[in-house]
Amino acid sequence: MSGPGEDLDAYRGSLRAWLAANVPRNWRSEWARAETQENIGLQRRWLATLVEAGYAVPHWPAEFGGGATLMEQAVLHQEFARANAPEILAFNVALNQIARTLLDHGTPEQLQHLGGMLRGEVWCQGFSESEAGSDLPALRMRADRDGDSFVLNGHKVWSSYAHLARWGMFLARTDPAAPKRRGLSIFLVDMTSAGVEVRNTRKITGGAEFNEIFLDNVRVSESAVLGGENNGWAVSASTLNSERGTANVGHFERFDVLLQKYTAAVAREGLDSDDVVVEGLGRGLVESEVLRSLGMRTVAEAAAGRPVGPQAAILKLYFGDLIQRVTAEAVATLGRETQVVHEDEVLDSYTSGHWMHDHLNSWTWTIAGGTSQIQRNLIGERALGLPREPEIR
Amino acid sequence: MTVTLEETERAEVREELQLSVRRLLHRWAGRTDVNALLRTGDAAEAGLPHDPALWQDMADLGLLALLVPDDDGEPPATAAEVAVVLTELGRGLVPSPYLSSALLVPSAILRGGRREVAERYLPGLTTGAVLGAVAFGDAGRPLPTTVRREGDTLVVGGTVDFVLDLGSASVCLVAGVLDGAGVVFAVDLPADGARVEVRRMHDVTRSVGRLVLDDVRVDASAVVADGVDADEVVSLVRELGAIGLAADSLGVAESAMEAAVAYAGQRRQFGRAIGSFQAVKHLCVDMFVSVEAGREALKIAMGAADRGSGAADLAHAASVAKAQLGEPAVAVARSCIQVHGGIGFTWEAVPHRYLKRLLLNDALFGDTRWHRRRVARAALGAVPGGDAAGDPRSSSMVADGVGGSPR
């Protein structure tokens, strides 16, 4: 009799065989050398390969090309990370956050977008504003009803890949008179519409991931509203909580691969006789192992239908501190050579093995998707039951 | 990792065990004014750290016999269940020689596999009549005594310091070098030529002592293991000691975190609970995250111990647990004092006792730095083409600088 564990082992085996046969060699340097459009083309080709093999969207329902169990998804992410498979960063927002929101709240018509996502349409998310970061409900973007359409005006920031996006998902205020969280709605917007302007914001690595989006009297039909008018805050919960722990498993695994690179660098540089360096490496290895174990346990708990509680916030907080400290240590340990810019650094990976680049990118984990301080508030209030700080109105 | 039915059942058994131990310790704490005992600052004088009445209760619950095979030849439980008990003892800051008597001594005797020794000590250990200690020397250090043979008698000399639970022990397992090879044997206490010096520790919930052996004569029938077997017994006990202390530290840290959270929720300043201030709240959350990481690290170690992993795997897992529940757990206790403010700085309040127990735990069976370095050296040794450190566990324990001792 085969138990679930054996099925998973078989699944893992088939993934390994497929990865060994299909992961392009030297993809990292090849992709890095490519110009933006060419790079997106390469990512799109890899996406097509994944779609054909059935590995692109394991987390979607079976009818849309997914249907893997949570444990299978975790194993998939783990094996892709270990095999150093290409990361299709430009499509991540579409295939994860936005697809989740569409699947939870979309009309049959809106669900048609899923097909475009699989063909490699880039989506961006327009939530944060310059005055609404951690305090997202304070956002000011307006969507004013005009008959059976809405007119959008506003300014969004930190939008990943908006410069390449065909579609965008925006959170805007539809009822200015309602309390902060009540008067919001979500809109699906064609990024080629008149009045949409995208300006790139270079990030600290010099990379071109982020953008500002200006919306100036952009007119959309009321069918562009996702999940109901003035219901935007509830709908956005799908977007913000789309991560069910399985993709984390892949991130943690890639970090472990990075630690192996650091281990090799310490050995290569003859630093293995330096107790301080060795202790720091050991600490990283220990904490990475604990993190990976906790990550898998979280998925297993969710798969068994048990409440996962504040686990996602704990993992994010722990990982952010860990990746920032280890990359800082690598920069300090490996010295001035780490300060040299490498040609293939344009990739947005945080586990490139170019230590300064990875260190700079590590702030992704302590700022994006809720800063470490916001995570601490969340854990303190929800898991520990500590009182909230009085709200300032 | 898949959660199987068997694992689910075992988890339930552990939960029941945890509850019954917690209840027992709660009753004990109710009838024992620990603070009054500890106020003297001299645990031995106060009859601590061993309370015979509590010991008897634990024996009656079967807690002293978890690892000892019963009539079917199967032990009723595994190291994972022992760890549950240890964590509860840590939670309650309970003074108890449980780690040595219920985990280390039985594990050494069972791994040694000598029937005579097993029959002599195991029954008494399970009923609570015999209390044990283990004097094998420090992690990564050579065996601490020298042994010579005179007919059927071993004559032992040497000093072993920082022996946990020595004060209450009626038998101490000692490791030494005999004709260039390792040997482990049992010394009944008191014995002619053996001196026990209980050391006055900051952590008054523990007994730590120095065992001075001056030509102590031990019958050959008291040998627990020799040669390669002795090396194995010593390695096993050193790893289990690290894991056992990690389990204790998890309980202490958890307790410290809960105490801080409760205090932060209840203490009011500026018209509101201090736990509503982010500066205080975030300290509490960092404590909580450390405890959760420690809990996972202990699970990793328990898994390795239960699988009967090879020496290298067990050593790795023990280091993961001991390192993760070392300095990070100590930091939890430090924050606990800070959150309590002035009260946390007093002898009467509990926070200092968390700190002291955690610091002592960290210092025994290899400290955080030692365990982190051992993990790193094993990884460096596995780098292809790297000369690195080699396998830190390959050398014998008889020579100097062995067992992966940090350079």
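Residues are numbered from 1 along each chain as its sequence is written, while chains are lettered from A and ligands numbered from 1 in the order in which they are written. Because the model is predicted, local features need a pLDDT of at least 70 and side-chain atom pairs count only at pLDDT 80 or more, whereas totals for chains, interfaces and linings use all residues.

Chain A is divided into domain 1 (8-87), domain 2 (123-230) and domain 3 (244-383), with bounds that come from an automatic or database domain assignment. The centres of domain 1 and domain 2 of chain A, taken over C-alpha atoms, are separated by 30 Å. The UniProt record, an unreviewed entry, places the annotation "domain: Acyl-CoA oxidase/dehydrogenase middle" at residues 124-218 of chain A; UniProt positions are given here in the numbering of the model, feature names are shortened, and annotations may be inferred rather than shown by experiment. Over residues 124-218 of chain A, the chain is 0% helix and 47% strand, and the end C-alpha atoms lie 16 Å apart. Helices (H or I, at least four residues) and strands (E, at least two) are DSSP runs, numbered from the N terminus.

A residue is buried if 20 or more other C-beta atoms, placed from the backbone, lie within 10 Å of its own, exposed if 12 or fewer, and partly exposed in between. After α4(A) comes A:N84, with a positive phi near 55°. Helix α11 (residues 311-334) of chain A, with 24 residues, reaches 34 Å from its first C-alpha to its last, close to the 34 Å expected, and is followed by A:G335, whose phi is positive, near 75°.

Chain B has 12 helices and 10 strands, and 54% of its 407 residues count as buried. In chain B, strand β2 (residues 145-150) and strand β3 (residues 153-164) pair in the antiparallel sense over 5 bridges, where pairing requires that DSSP finds at least two bridges between the strands. B:R148 stands opposite B:V155 in β3(B). The two strands β2(B) and β3(B) form a hairpin with 2 residues between them, and B:G151 in the turn has a positive phi of about 65°. β3(B) also pairs in the antiparallel sense with strand β7 (residues 208-219) of chain B, over 9 bridges, and B:L164 stands opposite B:V208 in β7(B).

Residues 241-379 of chain B carry the UniProt feature "domain: Acyl-CoA dehydrogenase/oxidase C-terminal", from an unreviewed entry; this span is 81% helix and 3% strand.

Between the chains, 40 residues of chain B are in contact with 41 residues of chain A, contact meaning that the C-beta atoms, placed from the backbone, lie within 7 Å. The elements giving two or more residues to the chain B side include α7 (227-266), α8 (278-306) and α12 (368-381), and α8(B) gives the most, with 12 residues.

Key
Two residues are in contact if their C-beta atoms, placed from the backbone, lie within 7 Å. The expected span of a helix is 1.5 Å times one less than its number of residues.
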